[in-house]
Amino acid sequence: MAVSSSHGGDFKIWVCNHGIQQKDQMLQNSGWTCHAVGSYKKKPMTAATFSADGSILVVAAENVITVWDPEKNVLVAVTGENFEPITSLSFVGKSEYLVSISKGSKPQLSVWSMSKLSVSWSYKLHTEALASTGDVSSFAVLALLPKPSKGMKSDDTTLQGRDGVILLFNVADPVPVATWSVRKAKGGGLAFLAFLNVNPSSSEENNASDGKPSPVLLAYINGDHEYVIFDPFGKETHEVSVTRRASHVGHEETGKFGYASIYGELPEFAQKRSHASGVPFVPSERPWETIFTGSSHNLPPLTKLCSVFLESLLEKRTAIVE
C-alpha cells in the first residue's frame, strides 16, 4: 500500500495488484490501483505517512493533522492547527510518536503523541531535513542556523562558516542526545544507514542485554552534494573519517579496477579476438564518459550497472572532512 498527497485538495491510497499467475508462467498484468480517495475541508494535503505497522495513516491537511484508517478510508481523528503548513511527517521507528515539520515565517519542529493527539514538545526551528531510525525511538533533524546580525563582528570565527546543525533526539526527550555543526546546510539531507560490519546474531544479543540502540550510521549530504558520515550513538563527537569508508563497503569493490569493476572479468574468447567490438574501455578520471562504452548487447544488466554509475558521480575525498 502507498499514499500520494496533492495540493489540489485530496490524497489517494494505492494498492499493488498482482496478476493471476498460471502454472509454469511468469506473473503478468501487475500494477497499482487506486484503493481510496480522501480529503479534508478541501484543504491542500501537503504530507502523508504510515505508521510502522501500517495500521494508521496520517495526512497533513495544510496546517492540520488528520488520522485515517487506511483500509476503510475512515477519518479517525483531527489534531489542532499549526501556525504554518506542515511540509513533512514521519513516525519515529515503531513508537507512537510522530514528527512534523512546518516551514514559513514561523517554522516549527513538533513531536506529537498519537495516543493523546497532542504535541509532546516542539522547537521553533527552520528544519531542512528529517530522518528517523527504523527500530529505535530516535530521529535526527538538519536545522539552519540564523544569519549573523549586523552587530556581530566580521572577524568572529566562532562558527567558522558553519550555517547548520544536526540534532539527534530521543523522541521522549526534548534535550538533544548529540549535536554536530555543519557547512552548506541549505538544500541538505539526512539518512540513517545500517552498519554493515555488524554480526546480526551478536547484535541482537547485545541489544537484548544492555538495552543500547542497534548500530547505525548517520549520513549527511550538503547543498553541494558532498556527504559526511557520523556515528550517532558512538563515543566520538566528530564525523567518521571518509578514509574509513572501505570498512563499510561490500567485497565486490576490493581488488577490481576499471573495466573489471563494472563489467566483471572478460571471458577467454573475448581476450583472444583480434578486433574488439565497439570502442574499448579506457579508465579515466571521468568514468561517467566511458561507463556505457561498447555494444548494447554486451552491457551488463541495469541492476548491476545502475549502482556503479551512481557511484561514479561521487567525488571521493582522501582527507578527513572537517
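Where does threonine 133 sit? Its place is the loop between strand S12 (127-132) and strand S13 (138-144). Keep in mind that this is a predicted model. Here's a quick tour, starting with the whole chain and ending back at that threonine.

**The chain overall**
- DSSP runs give the protein chain four helices and 18 strands.
- Out of 322 residues in the protein chain, 34% are buried.
- Take the contacts in the protein chain with a separation of 6 or more: 45% of them are between residues 24 or more positions apart.
- The protein chain's accessible surface is about 20,000 Å², and carbon and sulfur atoms account for 54% of that.

**The S1-S2-S3 sheet**
- Three strands make up an open sheet in the order S1-S2-S3, and the pairing is antiparallel.
- The edges are strand S1 (2-5) and strand S3 (31-38); each has a single partner strand, so one side of each has no neighbour in the sheet.
- On average, neighbouring strands of this sheet are turned by 30° against each other, ignoring direction.
- S1 and strand S2 (residues 11-17) run antiparallel and are joined by four bridges.
- If you want to find that pairing on screen, look for alanine 2, whose bridge partner in S2 is tryptophan 14.

**The S10-S11 hairpin**
- Strand S10 (residues 108-113) and strand S11 (residues 118-123) run antiparallel, with five bridges joining them.
- Serine 110 has serine 122 in S11 as its bridge partner.
- Four residues lie between the two strands of this hairpin, and leucine 117 in the turn has a positive phi of about 55°.

**Cysteines**
- Cysteine 16 has 33% relative accessibility, so it counts as partly exposed.
- Cysteine 34 is also partly exposed, because its relative accessibility is 34%.

**Back to threonine 133**
- Is threonine 133 buried or exposed? It counts as buried because its relative accessibility is 4%, and the cut-off for buried is under 20%.
- The side chain of threonine 133 reaches the backbone oxygen of serine 138 at 3.0 Å.
- Leaving out residues up to four places away in sequence, threonine 133 touches Val92, Gly93, Ser138, Phe192 and Val216.
- So this loop residue counts as buried and has a side-chain contact to the backbone of serine 138.

Technical notes: Residues are numbered from 1 along each chain as its sequence is written. This is a predicted model: local features need pLDDT of at least 70, side-chain atom pairs count only at pLDDT 80 or more; totals for chains, interfaces and linings use all residues. Side-chain values use heavy atoms; hydrogens and water are left out. Buried means under 20% relative accessible area, exposed over 50%, partly exposed in between (1.4 Å probe, protein chains only). Two strands pair if DSSP finds at least two bridges between them. Axes are lines fitted to C-alpha atoms, for helices over the stretch in contact, and angles run from 0 to 180 degrees between N-to-C directions. A polar contact is a pair of N or O atoms within 3.5 Å; within protein, one must be able to donate a hydrogen and the other to accept it, and residues adjacent in sequence count only if both atoms are side-chain atoms. Contact means heavy atoms within 4.5 Å. Accessible areas come from the Shrake-Rupley method with a 1.4 Å probe; for residues, only the protein chains shown count as cover.
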